[in-house]
Amino acid sequence: MIEIDTAVSRTGGWYVFLGILLAVLLASMLLALAIGSTAIGPVLILKMISSEIAGIDKTWDSCLETIIFNVRMPRILLAVFVGGALGIAGCAMQGIFRNPMASPYVTGISSGAVFGASLIIALDLSRALMTPAAFIFALSTSFLVYYLAKVKGKVPVGTLLLSGIAVSLFFSALITFTQYIAGERQLQEMMFWLMGGLWTSNWGKMAVSVPLIILGGGGILCYGRDLNILLSGEEQACSLGVNVDNVRKIILIFVSIATTGAVAFFGIIGFVGLIIPHIMRIFAGPDHRVLLPASFLGGAIFLLWMDTLARTIIRPSELPVGIITAMVGVPFFIFLLRKRKKEIGF
Amino acid sequence: MMKWRSSTYAAIATLSLFVLGMKPPADGDTAVGKQTRPERIVSLCLPVTEIICQLEMQDRIVGICDGGCPEKVKGRPKVGKAFGTLNVESVIALKPDLVFCWGEGKVLREKGLNVCSIHTRDLDGVISLVVEVAGLLGEKKLAEPVTASMRERIAGIREKTQSVKEKPLVYFEAGSLGKTRGAGSLTHELVEKAGGMNLAGKENISFPLLSNEFIIVSNPDIILVEDYGESNEKIAARSGWGNVKAVRNNKIFRCPTSYTNYAPGCLDGLEQFSRWFHPDLFKKEPLPKND
């Protein structure tokens, strides 16, 4: 058994670290519930929630209740799960490829999933097929990129990036093509959907998206130990009885499931999956048993705050969240990279 | 180590049960009874905003979409893009009793709002849009003079252009080189009704992209440019365009976006187009006052 020596795992403080992240996440969720383009005081929100449970007389406008329960709540929960899914998927991909540039966005899995879903709209098929189509394309993209990038059992940074970018651009082109052939009505629907962002959140989407994310994310979590062994190199892994190729494929399947859950309804939200694992690695070290849940929680906190910004910064209107994740995330990432260059793994 | 894995499996199982068992509040396509006279209107549809202003009911508009808007509703809260990111919370907070939007508007319907979906795509559609908007606002009668004058203006143009034998070939440029409007678009209909031949009339998609070569070879007689596009000088200076008839004869005309928008203002476009296409037919008449 390989023991990875990090500040967190050495002191046995990993549960403290995860506990702090969880506490920050829960506090952020409560705060985000009280922030929005409409001013609704925290006391009133508490009253509304308790009236749902205890049945206090309602003295407030019912539109405020719609905003809290049907607009902000599903949106906050989805931001948490989508951000978490992208964070943990990015972390797992960086682990299996031993490659700091891997993420669902960079390797084209997101574009694949989005293409699958937009194809369904362009062909005007039943919208229930959107998630399965997104999943099929996410999965095939991830395997395609894996095989394209693999050189003698290894996945070098260069080939992964190149094949990822090639496949991603190919799917972006296909997405544009589906827009070109779509009828006016389908085009309108696609525009609404492709621009994505979490503003279309509702409880129905949550019922599909969240189980997928839990399945994918949970599956990835089970492979924390195997990811640790992969980090120590192929030979080491083989001698410990790990079938490297198989583990990679299984994790890719879970990554595709989680990514589908994240992008099938909300379009591409970039940078979360790339940046969050790196930031978490600085704090938690390279042990994937801590790093994976930390990336989930970190991604959740990050996307939640970015989305809260998106819906308040130019109120009463709203910005697409992808702009903010890039504008805030990238400088922060570069700052961390420059400051602690040596401490990032790999 | 096995312990860790099995406990994670257990956690996933519990969580999935929790999520699957969660009862989402009923927020499906709630049918909200249509009110007879909505007083608070959010219009995410510029043509509808224009129609409401034209019917002098702009006081009832409480929210509009990002981008340009008629003078009469300047300063009203803008709650998001007509196509794209929308601040759903802001829309709800305006407490609208009617929301106009392009497409299905599912995001708004499921929040319990009373939504009117707009799918207008041709000239007849614009006329019925005026009737529909006025009807929904409880002022059906106000639509009558507007639609009557619209029909009259369309008939007037038809009368003038139906007998013309030589139809000029028209290339409409929407923003940048090659971007144009094909069959099935309102612009195509306006160009054809004004007695022109749309260069992209055989394209079956609404927003085709024509190649530079095709445009030069087709040699259009007239070029219509959306106002925000490249200047006439730059278009004339494009390589290979010097010999295009429209450039040689200085027949490059600028169209404000209102000319091809799905609002009654598109009739100004129709009339102006036919004057540009067939100046001889209008020799005796003064220019329209809106020009």
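Two residues are in contact when they have heavy atoms within 4.5 Å of each other. By that rule, 41 residues of chain A are in contact with 46 residues of chain B. This is a predicted model, in which local features need pLDDT of at least 70, side-chain atom pairs count only at pLDDT 80 or more, and totals for chains, interfaces and linings use all residues. Residues are numbered from 1 along each chain as its sequence is written, chains are lettered from A in the order in which they are written, and side-chain values use heavy atoms, with hydrogens and water left out.

**Where chain A meets chain B**

- The two chains bury about 4,000 Å² between them, and carbon and sulfur atoms give 63% of that area. Buried area here is the accessible area (1.4 Å probe) that two parts lose on being put together, summed over both.
- Three salt bridges are counted between chain A and chain B; the term means a side-chain nitrogen of Lys or Arg within 4 Å of a carboxyl oxygen of Asp or Glu.
- Arg311(A) pairs with Glu89(B) in a salt bridge, with 3.7 Å between the closest N and O atoms.
- On the side of chain A that touches chain B, α4 (62-96), α8 (184-194), α9 (203-221), α10 (224-231) and α14 each supply at least two residues. Helices are DSSP runs (H or I, at least four residues) and strands likewise (E, at least two), numbered from the N terminus.
- The largest share of that side, eight residues, comes from α9(A).

**A look at Gly90(A)**

- Gly90(A) lies in helix α4 of chain A.
- Gly90(A) counts as buried because its relative accessibility is 0%, the cut-off for buried being under 20% relative accessible area (1.4 Å probe, protein chains only).
- Leaving aside residues up to four places away in sequence, Gly90(A) touches Ala102(A), Ser103(A), Pro104(A), Gly273(A) and Pro277(A).
- Leu304(A) is 214 residues from Gly90(A) along the chain, and their C-alpha atoms are separated by 17 Å.

**Chain B in outline**

- Chain B has 11 helices and eight strands.
- Of its 291 residues, 50% count as buried.
- Among contacts in chain B between residues at least 6 apart in sequence, 59% join residues at least 24 apart.
- Chain B exposes about 14,200 Å², with carbon and sulfur atoms supplying 54% of it; accessible areas come from the Shrake-Rupley method with a 1.4 Å probe, and for residues only the protein chains shown count as cover.
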